[in-house]
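Please open the structure in a viewer and keep the sequence at hand.

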Amino acid sequence: MPVRRGMWLLLALAFWFANASLHDDISHAVAGTHPTPWGSFMPVDYTLPAAVLLALAAVALLAVQARRGGARTPTLLLWGLVLAAMVVCHNTLLTIGVEVVHYPQYALVGGLLAHALDPQRDRLRVLEALLLGTVLSALDEGWQYFHSMPFVYLDFNDLALNQIGLLGGLLYYYGFPRCQRPLAKGSRPLLMALLAGVGVLGIVILLLLYLGVLVVNPDSVVPRGGAVSLADGLRIHLQLEPNALGSVRAARRGGTYYVLGAGQGLAVLAVSVLLAWGVETAVRRQFNSRQERTDPRDA
């Protein structure tokens, strides 16, 4: 069993790494113009029909899952919340329609992580999978800003999209449960280690801010490639233009979109983890209480 879990974990990491490392190539392929015998072809022009087909496929899979499983009402309510978050993000945070690809990408990452941690679906390892996925998401966006894509700012908007995808993947994996025995209890060393790591990272970030090493809002325009500067001592800039984060900017799909600031982006991540924690705790208590009342061994 540990070997199989390790293989699933490696698969999740391999899928994430492929998406992160090929992000630039994928973006150019999707947004670029491709000549064909029937004329020029731009995949980005077909974002809407592709999204509709993907949504229909997801609904069909959920219908099959709902028919075979239980807890339909709470699961559908949670899906309603995820869908509402997608709608809000689509109307406020997206600069171009093709960015909806973040949802299926990180939904698959979340589902693979959950399967690696809980292949029998009887341990409810939501928080571990969500925290691991959040770390991978942050590494992905950090790599794009500092080394790969020529972004003006560290994209906390994409972090929010990734987080919704992770929650959707975990909800698909655990939704409409079919487990016939109480959920396993016991120590969760991975969760404790992840929470401790997040705490230490938070302290380090606050210390860097206090020392002026981590600069959220630069006084002037930072040259391209100068997000990390060593000229006058180490400076790590989270944006290349003053006031880029926390501002309204023109969207390439028309209209405007809002750029989440550093504090706002981190708050979104924290709230998502707290909500997942609350849902997991409530589900665990209700499920185990129901199973204990109906356990035939008590008769």
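Begin by selecting Phe176, which is found in the loop between helix H7 (156-174) and helix H8 (189-211). Helices are DSSP runs of H or I with at least four residues, numbered from the N terminus. This is a predicted model, in which local features need pLDDT of at least 70 and side-chain atom pairs count only at pLDDT 80 or more, while totals for chains, interfaces and linings use all residues. Residues are numbered from 1 along each chain as its sequence is written, and side-chain values use heavy atoms, with hydrogens and water left out.

Phi of Phe176 is near 50°, a positive value in a residue other than glycine. Is Phe176 buried or exposed? At 3% relative accessibility, Phe176 counts as buried (under 20% relative accessible area; exposed is over 50% and partly exposed in between, with a 1.4 Å probe and protein chains only).

Next, select Arg121, in the loop between helix H5 (102-117) and helix H6 (126-148). Arg121 is not a glycine, yet has a positive phi of about 60°. With a relative accessible area of 37%, Arg121 is partly exposed.

Finally, turn to the second largest pocket, where about 1400 Å³ of space lies. Of its 46 lining residues, select the closest to the centre: Leu78, Leu167, Leu170, Leu171 and Val279. A pocket is an open set of points on a 1 Å grid over the protein atoms alone, where a 1.4 Å probe fits, with protein on both sides within 12 Å along at least five of seven lines; lining residues have an atom within 4 Å of a point. The volume is the space filled by probe spheres set on the points, which are joined across faces, edges and corners.

Methods:
Helices (H or I, at least four residues) and strands (E, at least two) are DSSP runs, numbered from the N terminus.
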